[in-house]
Amino acid sequence: AAQIGMSQRSFIRRFKAATGERPSRYLQRLRVESAKQQLINTDNSIKTICLNVGYQDFNYFGRVFRELAGLSPRDFRKEQRPQIPGP
């Protein structure tokens, strides 16, 4: 907000009017979407993914992920990754 010469309150109000959500929620959603892609497409640990998407607190990441995705990161990975049949 300061970089564009606008008060924080005005920025939040205009951002919400344009996107339908607050900037903080928008950022959370983007981070969770990035985490989902990493959970599906990489073998990175959930802690590594947590850090990759900008969360320092693993527990908070888990709560936000569960709130937005409906599953824990571990359960999401299990559900979304194709199962490779064993020998």
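What follows is a list of stops, with what to look for at each.

This is a predicted model, where local features need pLDDT of at least 70, side-chain atom pairs count only at pLDDT 80 or more, and totals for chains, interfaces and linings use all residues. Residues are numbered from 1 along each chain as its sequence is written, and side-chain values use heavy atoms, with hydrogens and water left out.

Start by selecting residues 8-19, helix α1. (Helices here are DSSP runs of H or I, at least four residues, numbered from the N terminus.) Color Ser10, Ile12 and Phe15: these are the buried residues of α1, buried meaning under 20% relative accessible area with a 1.4 Å probe, protein chains only. They pack against α2, with contact meaning heavy atoms within 4.5 Å.

Axes are lines fitted to C-alpha atoms, for helices over the stretch in contact, and angles run from 0 to 180 degrees between N-to-C directions. Show Lys36, Gln38, Leu39 and Ile40 in α2, then Pro73, Phe76, Arg77 and Gln80 in α5, and you'll see where the two meet.

Last stop: keep α2 and bring in α4 (residues 58-69); their axes come within 10 Å and cross at roughly 90°. That's why the pair counts as roughly perpendicular, a label for angles of 65 to 115 degrees. Among the α2 residues meeting α4 are Val32, Ala35 and Leu39, and the α4 side includes Phe61, Val64 and Leu68.

How values were computed:
The expected span of a helix is 1.5 Å times one less than its number of residues. Buried means under 20% relative accessible area, exposed over 50%, partly exposed in between (1.4 Å probe, protein chains only). Angles under 35 degrees count as roughly parallel, over 145 as roughly antiparallel, 65 to 115 as roughly perpendicular and the rest as oblique.
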